[in-house]
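Biologist: I am new to reading protein models. Could we look at one together and talk it through?

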Amino acid sequence: MTGLKVISHSANNTQKSRNINLNFKTSQGSILGPILFLIYIDDIKHSTSLNLLSYADDTTIYTTNSDIENLYAAELIKLDDWFRANKLALNVKKTYYSIFSPTKEPNHFNNILTLNNNVINREHSVRFLGLNIDEQLTWKPHVGKRKSKLASSMFIINCVKNQLPHDVLKSIYLTLVHSHLIYGITAWGNAPATNKLYLMQKKALQLINNKAYTSDTDPLFKCEKILKFHD
């Protein structure tokens with residue numbers, strides 16, 4: 001990319017910089033940068049028969065195969081060729097792989113996975129777009145993370161419940177509790193061990209309404225027009 005004019009704003013917006021040449025660069029935080037990046041990597045999908053899912057600058061590659069040993073070999077070589085041809089380097093610290101098998105754990109896979117002579121580590125639980133997905137799809141790590149988040153949020157609500165009006169407390173509940181419960185719930189909402197989250201949701205409603213922990217929460221859900229977790 002050449003001939004980019006960099007604007008230097010002055011008090012009266014009249015000063016402009018000279019033209020400068022940029023090679024394989026764009027300004028940090030610019031609107032143009034992400035667009036150029038997406039154009040630059042657009043043909044990666046033609047380099048492999050594996051499935052690609054991209055979100056912003058993160059790309060996930062996925063496929064299915066009953067032969068774990070040969071699942072990756074040929075296709076990763078193709079991806080390596082694409083990286084080299086496009087002058088890109090794999091960030092090994094941000095790259096990992098997982099083997100999803102709901103019925104059994106494929107521990108017998110002991111091969112070292114490499115790309116461009118870089119070792120890619122295996123993760124048994126990965127964070128993907130805000131969801132913690134484990135290889136057996138039990139969602140236990142994700143539920144555990146939600147419990148931790150809700151515990152911190154409820155501590156905050158408990159500290160301010162006597163100082164703030166109800167409408168503000170409800171806003172805090174929707175922001176710090178409800179948002180963590182509903183995000184991605186269609187994927188993990190029926191997972192085992194989620195009943196604890198429902199109990200914490202009930203406790204949060206009792207807190208914002210200044211009710212005892214033994215009080216009935218059904219009227220609270222109806223009054224606040226909030227669905228129960230399992231609903």
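Biologist: How far does helix α3 (residues 140–160) reach from its first C-alpha to its last?

Modeller: This is a predicted model, where local features need pLDDT of at least 70, side-chain atom pairs count only at pLDDT 80 or more, and totals for chains, interfaces and linings use all residues. Residues are numbered from 1 along each chain as its sequence is written, and side-chain values use heavy atoms, leaving out hydrogens and water. Helices (H or I, at least four residues) and strands (E, at least two) are DSSP runs, numbered from the N terminus, and the expected span of a helix is 1.5 Å times one less than its number of residues. Helix α3 has 21 residues, so 30 Å is expected, and its reach is close to that, at 31 Å.

Biologist: Which residues of α3 are buried, and within what arc do they fall?

Modeller: Buried means under 20% relative accessible area, exposed over 50%, and partly exposed in between (1.4 Å probe, protein chains only). In α3 the buried ones are H142, V143, R146, L150, S153, M154 and I157, while K140 and F155 on the other side are exposed. Taking directions from the helix axis to the C-beta atoms, the buried residues line one face of α3, because they fall within an arc of 105°.

Biologist: How many aromatic pairs does the count come to, and which pair is stacked?

Modeller: Rings of Phe, Tyr and Trp (its six-membered ring) pair if their centres lie within 6.5 Å; planes under 30 degrees apart count as stacked, over 60 as edge-to-face and the rest as tilted. The count is 3 aromatic pairs, and one of them, W82 with F83, is edge-to-face at 5.6 Å centre to centre and 75° between the planes. With 6.3 Å between centres and 25° between planes, the stacked pair is Y198 and F221.

Biologist: How many residues apart in sequence are the parts that this pair ties together?

Modeller: Y198 is buried, with a relative accessible area of 14%, and F221 is buried too, at 4%. Y198 lies in helix α6 (residues 195–208) and F221 in helix α7 (residues 218–224), so the parts tied together are apart in sequence by 23 residues.
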